[in-house]
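Biologist: I'm new to this one. Can you walk me through it?

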Amino acid sequence: MSFWKGCALLIMLFPSVVFAATPDVHVSIKNHRFNPVEVHVPAGQKIRLIVDNQDAMPEEFESHELNREKVIAGKSKATIYIGPLEPGRYPFVGEFNEATAKGVVVAE
Amino acid sequence: MISAAIIVFRETLEASLILGIVAAATVGVPKRGRWLVAGVAAGIGGALIVASMTEQIAELAYGMGQELFNAIVLGTVVGMLAWHNIWMSGHGAHLARNAKQLGRDVQAGTKALPILFVVIALAVLREGSETALFLYGMAMGSQEGLLSVLNGAALGLAAGAAAGMALYLGFLRIPTRWFFVVTSGLILFLAAAMASQVARLLIQGDILPSLASPLWDTSVLLTNDSALGTLLHTLLGYDANPAGMQVVFYGGTLALILLGMRWASRRVIPIADR
């Protein structure tokens, strides 16, 4: 294979590899509660967690176990990259409404 | 009211501890009070602007605007703290053992005030914008009532400020000859701690690889959200489960500032040789 052909192949492969490696996982916030409360994700690979805050109030997604923290404005979506994770349970909260906004990422 | 108090306390604590350290590092420098107050005021003003633009900032850089913005703010603070430590080492602050020396030290300290003004303004801006956003949300959608939220916020703010004040008063009891070592040591670790946060933000935004996530996990011994964990997190950069890249940033910042301080202090002619 020529050098240029090799380059072209790499360029074609690269985006598919990148996108294949980061699946999207969705979770929404409504009335200061996460839905779903248990977010199942594959272990051992990077995940793009998309949090859709449907409340008017801003929320702060926080997880010490996942080592993540991000403010999400009211009525907006935010993307948080997590992992690759070992199999296990990783709790998270909405810090501004900790009493109700609780959830857990389950890596398996 | 209690939840508002706890959140405001958490958000204010870091800025307050930084203010306490900076206030201690500038003891005896004329007009420092003005600079520190101006820094807090500028930070609060900036925090309100940033809070009101949360959505616009978040949408920048393909949705990674918040991570980038915070990383830039923190990165600037790291740079300023590094500069301060290196500058003060180069001006014989570590040799200041008598009043005459202290005079020279004060001159160097005066020149560092604008830098520390920026440090305080940015620290307050970062924590303040989250506090403002939270209070705004509580005020518009709370079942508790506005007055209760505001009472809680005031309580949290007072507690946060008290922690910074306690740290500052503790510093004042340190003997003069150890003063530079202790304050510059704290600023050193503070800068490294913030560099580690910069790394975390850039990993979260998928701008940097994590290298290992986590590199280790000591949450069994001390969790991040315990009182001691929070304090050590702010002052020394403790993280129960850091990514590999965070550790690289932390160690790299420590090493670079120490090298800079050493290089700068070699250029100072010891008093005995003059």
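**Salt bridges and helix packing**

Modeller: Let's start with one residue. B:Arg10 is partly exposed, with a relative accessible area of 35%. Keep in mind that this is a predicted model.

Biologist: Which residue does B:Arg10 meet in a salt bridge at 3.4 Å?

Modeller: That partner is A:Glu98. The 3.4 Å runs from N to O. A:Glu98 is partly exposed too, at 33% relative accessible area.

Biologist: Where do B:Arg10 and A:Glu98 lie?

Modeller: B:Arg10 is in helix α1 of chain B, residues 2-25. A:Glu98 is in the loop between β8 (88-94) and β9 (102-107) of chain A, so the pair joins two chains.

Biologist: Is A:Arg48 buried or exposed?

Modeller: Buried, because its relative accessibility is 18% and the cut-off is under 20%. A:Asp24 is partly exposed, at 40%.

Biologist: What about B:Glu127? Which side chain does it meet in a salt bridge?

Modeller: The side chain of B:Arg126. The N to O distance is 3.6 Å. Both B:Glu127 and B:Arg126 are buried.

Biologist: New topic: helices. At roughly what angle do the axes of α4 and α9 of chain B cross?

Modeller: At roughly 25°. Helix α4 covers residues 65-89, helix α9 covers residues 244-266, and their axes come within 7 Å.

Biologist: Which residues make the contact?

Modeller: On α4(B), they are B:Val78, B:Ala82, B:Asn85, B:Ile86 and B:Ser89. On α9(B), they include B:Thr253, B:Ile257, B:Gly260 and B:Met261. By class, the α4(B) contact with α9(B) has 6 nonpolar, 5 polar and no charged residues.

Biologist: And α2 with α3 in chain B? At about what angle do they pack?

Modeller: About 65°, with axes 4 Å apart. Helix α2 spans residues 32-52 and helix α3 residues 54-63. That angle makes α2(B) roughly perpendicular to α3(B).

Biologist: Which residues of α2(B) meet α3(B)?

Modeller: B:Val50, B:Ala51 and B:Ser52. Facing them in α3(B) are B:Thr54, B:Gln56 and B:Ile57. The class count for this contact is 3 nonpolar, 3 polar and no charged residues.

Biologist: Last one. Where does B:Thr234 lie?

Modeller: In helix α8 of chain B, residues 227-236. B:Thr234 is buried, at 5% relative accessible area.

Biologist: What is B:Thr234 in contact with, leaving aside neighbours within four places in sequence?

Modeller: B:Glu14, B:Leu17, B:Leu190 and B:Ala193.

How values were computed
Residues numbered from 1 in each chain as written. Chains lettered and ligands numbered in written order. Predicted model: local features only at pLDDT ≥ 70, side-chain atom pairs only at ≥ 80, totals over all residues. Heavy atoms only, no water. Buried < 20%, exposed > 50% of the residue type's maximum accessible area, 1.4 Å probe, protein only. Salt bridge = Lys/Arg side-chain N within 4 Å of Asp/Glu carboxyl O. Axes fitted to C-alpha atoms, helices over the stretch in contact; angles between N-to-C directions. Contact = heavy atoms within 4.5 Å. Nonpolar A, V, L, I, M, F, W, Y, C, P; charged D, E, K, R; others polar. Parallel < 35°, antiparallel > 145°, perpendicular 65-115°, else oblique.
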